[in-house]
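The notes below go through a few spots worth a look.

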Amino acid sequence: MVLILSGFYCVMGIMPLFFGNTAYIMNILIMILIWAVVASCWDVIMGFAGIFSFGQVAFYVIGAYASAILSVSLGIPPVFTIIMAGVITGVIGVLVGLPCLKLAGPYVALVTFAVHMTLIPFLRGPLGRAIGSGGSQGILTIPPINLLGFAFSSEQLVPFFYLTLFLTIICTLILALIIKSYWGTAFLALKDSENFATSLGISAFKYKLMVFGITSFITGLFGALYAHYVGMLSTKMLSMDVFTILMIMMVIGGIGKYPGVVVGAVITVTINQLLAPLGMYRPLIMGAIVVVLVLFLRDGVIGLAQKFSPLQQKTG
Amino acid sequence: MVFEIIDVIISGLINGSVYALMAVGLTLVYGVTKAFNFAYGSFYNMGGYFAWMLLIPLGMIGGYFSVFFIAIPVFFVVGYLLEKILVSPLRKYDDWEMKVMMLTLGLSLFMDFGYQAVFGPRIKSLPGMIEGTLELGQVVLFRQDIVIFILSVGGMLCFGWLLNNTRTGMAVQAVAQNPAGAKIVGIPKDFIFAATFAISTIMVGFGGILLCQKNFVDPMGSTNIMIKAWVITAFGGMGSISGSLYAAFILGMLEAFVGWHFGMIYVQIATLTLLLVTLTIRPRGLMGRE
């Protein structure tokens, strides 16, 4: 796991030396970093904690909108609003998690997905406009991040890339710590035998809620980062194809095979960019990709790698 | 004022009856096969487009009679094949429930954008089954609404009869109650799974044909329908048919009243709030069992 992750970040770290002047490729690289973290959070929730949360995109959008609204309406510097957005998303995550995590699997999927679906009318409607979501038009003028007089705007991609990389590495470390720590072991125990694990005093609810909160926080943080990167937001972010892209990352990477999703993010963002000229046929193809991958790629690329190299059984 | 409320109640009843038809299909599939079908809304749209295609470009003789007549076997075959090709290969894995959710979500995206690619992004309107109105004093009823109500309630009764009185229906119940036991007594489990999926496809497709006459066929409207059907199913208790029936009418009414009093934009928020409150108090829904 450490090998794949450190290799990935080293390669990402030297990428701007080659492509620093090509805005198109830098944009793809930044999106890969952002999606890699969001997808990793989802993998920790679904694959490790075993919660069928379908609200990951919703949390991402909540973070983005929270930061945008705070910085546009209240004029707070984006450096602080990003952190505040993370905290807000974390709190909402816990609030959603409180009733949710006591439910059985499919109910959780339903409720979290319903949160996603309700966000669209909420942000477009008068309630959303009252808090400054801009209705169906969205928010168009989000200020860039300004740190000590230096603006990380979308004009200068290389500094923004390194800022994203820095945050990505911190968040990846947090996630890796969760997986490797007592919590990760607790989740494995809960997944293998819930009754036995609870009899040993492992509280499923407590750990699930904590992980839900932390991953929501990180997701919100990166949603906010994205908002200040692109400079405008609309409810299009909640459309099904964004959700599907995130899902393809999971399926390519393998659910619960942690660094796999990072590889999945690289592949998926690239494919998505390559398919962009196809217009409305792109989601059609994405949907077909999901169906085919779920059927034929059981454990994702990590599973494939394990299958063909019996020596490296312990990559995950 | 009073007549307005009566109108709202009637519209709630009609929506509720079609939702009930769809939710019963969904709860049946979940109760029997434990598969969580996210493409349910796209099957609803399939019904709408199927009827549109037969009636408008092909100009089918016999109108809706022939539509229903052709739709039932076609939907059965579509549902059966989808289950056999897509869902049943996943069943042998441990985490198949999650995989089925993901697969059906991908399938729904594929179908929705497929409709858009084939039929174009604009909404289509279906002709009504029957024209004219019926006046009872000051209350004006659309004949079409009455027919929709009768057909969906009739469809449900017919379905209930099939479930309780035919061998296949009883086999479906047996598999739902105890899959292992059903296998021991020689019930072909795989066939029952596929057949249940196919029946639910018929029910939701039927619902699509009925409700699209009132609400148009919208290629992007499927997630809404899917959420509605799922909320009803969860609210009523997954796998409980009577629960879904109550839930469908309660939510149909809620939707009509909230839409009338506060505006359509609050319908989804109200529905979700009701669902969350219900699940907090009763984690298995209204009539759900352990």
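Predicted model: local features only at pLDDT ≥ 70, side-chain atom pairs only at ≥ 80, totals over all residues.

Let's start in chain B, with helix 3 (residues 63-87) and helix 8 (residues 189-215). For helix 3 and helix 8 of chain B, the axes come within 7 Å and cross at roughly 135 degrees. The two helices are therefore oblique to each other, and helix 3 of chain B passes helix 8 of chain B in a right-handed crossing.

On the helix 3 side of chain B, it includes B:V67, B:A71, B:I72, B:F75, B:F76 and B:G79. Among those they meet as a group on helix 8 of chain B are B:F193, B:A194, B:F197, B:S200, B:T201 and B:G205. By class, the contact of helix 3 of chain B with helix 8 of chain B splits into 16 nonpolar, four polar and two charged residues.

## Helix 8 and helix 5

Helix 8 of chain B also packs with helix 5 (residues 143-165) of chain B, at an angle of about 165 degrees and with the axes 10 Å apart. That angle makes helix 5 of chain B roughly antiparallel to helix 8 of chain B. The crossing of these two helices of chain B is left-handed.

Here B:Q144, B:I148, B:L151, B:S152 and B:G155 from helix 5 of chain B meet B:F206, B:L210 and B:Q213 from helix 8 of chain B. The class count for this contact of helix 5 with helix 8 of chain B is four nonpolar, four polar and no charged residues.

## A serine inside helix 8

While you're on helix 8 of chain B, find B:S200, which sits in that helix. Is B:S200 buried or exposed? B:S200 has 28 C-beta neighbours inside 10 Å, so it counts as buried.

Leaving out neighbours within four places in sequence, B:S200 is in contact with B:G25, B:L26, B:L28, B:V29 and B:G79. As for B:Y64, it is 136 residues from B:S200 along the chain, and their C-alpha atoms are separated by 20 Å.

## One face of helix 6

Now move to helix 6 (residues 167-177) of chain B, whose buried residues are B:A171, B:V172, B:V175 and B:A176. Look down the axis of helix 6 of chain B and these buried residues fall within an arc of 140 degrees, so they line one face of the helix. On the face turned away from that buried side, helix 6 of chain B carries the exposed residues B:R167 and B:Q177.

What covers the buried residues of helix 6 of chain B? The cover includes helix 1 (2-33), helix 5, helix 7 (179-184) and helix 8 of chain B.

## Where the chains touch

Zoom out to both chains. In all, 35 residues of chain B are in contact with 35 residues of chain A. On the chain B side, helix 4 (96-119), helix 9 (222-236) and helix 11 (267-281) each supply at least two of the residues.

Which helix of chain B gives the largest share of the side that touches chain A? That's helix 4 of chain B, with 15 residues. The residues of the chain B side divide into 26 nonpolar, six polar and three charged.

B:V8 belongs to helix 1 of chain B, and its 18 C-beta neighbours inside 10 Å make it count as partly exposed. Beyond its neighbours within four places in sequence, B:V8 is in contact with B:A256, B:F257 and B:W260. The C-alpha atoms of B:V8 and B:H261 are separated by 9.8 Å, although the two residues are 253 residues apart along the chain.

B:K34 is in the loop between helix 1 and helix 2 (40-55) of chain B, and has a positive phi of about 60 degrees although it is not a glycine. With 18 C-beta neighbours inside 10 Å, B:K34 counts as partly exposed. B:F216, also not a glycine, has a positive phi of about 70 degrees and lies in the loop between helix 8 and helix 9 of chain B. B:F216 has 15 C-beta neighbours inside 10 Å and counts as partly exposed.

Technical notes
Residues numbered from 1 in each chain as written. Chains lettered and ligands numbered in written order. Axes fitted to C-alpha atoms, helices over the stretch in contact; angles between N-to-C directions. Helix = DSSP H or I, 4+ residues; strand = E, 2+ residues; numbered from the N terminus. Parallel < 35°, antiparallel > 145°, perpendicular 65-115°, else oblique. Left-handed = near helix turned anticlockwise from the far one by under 90°. Contact = placed C-beta atoms within 7 Å. Nonpolar A, V, L, I, M, F, W, Y, C, P; charged D, E, K, R; others polar. Buried ≥ 20, exposed ≤ 12 C-beta atoms within 10 Å, placed from the backbone. Arc of directions from axis to C-beta.
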